[in-house]
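Welcome! Take a moment to look over the sequence and the model, and then let us walk through some of its features together.

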Amino acid sequence: MLSKEELDSLNKWFEDKEPLEVLKWGIEKFRAKIVLACSLQAEDLVILDMLSKVVEKPKVFIIDTGRLHQESYELIEEINKKYNTDLRIYFPDYKEVEALVNKHGINLFYRSVELRKACCEVRKVLPLRRALEGMQAWITGLRREQNFTRGGIKKIEIDEVNGGIVKLNPLADWTWEQVWEYIKKNNVPYNKLYDKGYKSIGCVPCTRPVKPWEHPRAGRWWWEQNSDKECGLHYRGVK
């Protein structure tokens with residue numbers, strides 16, 4: 001594990017560096033023990049494209065909650081055709097899903113924040129733990145401007161929630177405009193839901209398009225009031 005002094009020094013060094021430099025550092029340090037979490041959103045595809053230029057076969061995982069959009073599945077096929085990845089798809093445990101749904105109903109998430117987070121726990125958080133088993137670091141597409149809960153993220157963090165492994169956020173200081181500039185310039189595959197007004201993409205029943213003037217996260221769990229708009233994958237158990 002990195003010490004606080006090492007962490008502070010690294011973040012000071014990388015704060016004004018390009019994302020590719022952060023990725024190169026992570027690959028060199030962790031070798032086969034680093035993996036990209038791909039949620040099939042624009043940021044993750046940018047990182048995947050960058051990784052493909054410096055790693056022969058980057059490790060990538062996708063969590064399939066069982067309720068993804070068809071456009072997301074089509075994007076998985078595009079990724080497989082374009083990039084030479086070591087791609088793994090993780091599903092929730094069917095027994096846990098059955099127990100949750102049989103107790104609370106198929107669309108339990110609409111009834112309360114607590115039930116919605118319980119659904120996210122079973123369908124996302126627990127599969128994430130399995131995906132990170134044996135890893136020393138993981139890479140995410142988190143950006144500071146995405147949500148108020150992410151405003152303080154660093155490019156390199158220690159993820160206390162997931163066993164103290166290192167968490168890299170190479171695009172932490174990027175804007176939405178920079179993400180799409182990269183996608184267009186490098187012909188990166190992207191989720192076609194963005195062409196339909198989506199700005200943040202999750203499960204079908206929990207995601208919808210947003211108006212041009214709305215916050216990007218407004219389309220996630222839109223029925224909730226005063227919630228943090230997080231699913232649990234990126235709770236701030238980091239330092």
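Predicted model: local features only at pLDDT ≥ 70, side-chain atom pairs only at ≥ 80, totals over all residues.

Residues are numbered from 1 along each chain as its sequence is written, and side-chain values use heavy atoms, with hydrogens and water left out.

**Aromatic rings**

How many aromatic pairs does a search of the whole structure find? There are twelve. Rings of Phe, Tyr and Trp (its six-membered ring) pair if their centres lie within 6.5 Å; planes under 30 degrees apart count as stacked, over 60 as edge-to-face and the rest as tilted.

| Pair | Centre distance | Plane angle | Type |
|---|---|---|---|
| F109 and Y110 | 4.8 Å | 75° | edge-to-face |
| F109 and W223 | 6.4 Å | 40° | tilted |

The pair of F109 and W223 links distant parts of the chain, 114 residues apart. F109 is in the loop between α5 (94-104) and α6 (113-131), and W223 is in the segment after α7 (176-186). Helices (H or I, at least four residues) and strands (E, at least two) are DSSP runs, numbered from the N terminus.

Ring pairs join F109, Y110, W222 and W223 into a cluster. Is F109 buried or exposed? F109 counts as buried, at 2% relative accessibility. Y110, at 37%, counts as partly exposed, and W223 is partly exposed too, with a relative accessible area of 22%. The cut-offs are under 20% relative accessible area for buried and over 50% for exposed, with partly exposed in between (1.4 Å probe, protein chains only).

**Strands**

Strands β4 (residues 137-139) and β6 (residues 165-168) run parallel and are joined by three bridges; two strands pair if DSSP finds at least two bridges between them. I139 has L168 in β6 as its bridge partner. On β5 (residues 156-159), the pairing with β6 is antiparallel, over four bridges, and D159 is partnered by I165. The hairpin of β5 and β6 has five residues between the strands, and G163 there takes a positive phi near 80°.

**Spaces in the model**

The structure holds one cavity of 30 Å³ or more, and the largest cavity has a volume of about 110 Å³. Of the 15 residues that line the largest cavity, C119, C120, K124, C203 and C206 are the closest to its centre. The largest pocket has a volume of about 620 Å³. Its lining has 37 residues, of which S39, Q41, D44, I201 and R220 lie nearest the centre. β2 (59-63) is among the elements supplying at least two residues of that lining, and β2 gives the most, with three.

On a 1 Å grid over the protein atoms alone, a cavity is a set of points where a 1.4 Å probe fits but cannot get out, and a pocket is an open set with protein on both sides within 12 Å along at least five of seven lines; lining residues have an atom within 4 Å of a point. Grid points are joined across faces, edges and corners, and a volume is the space filled by probe spheres set on the points.
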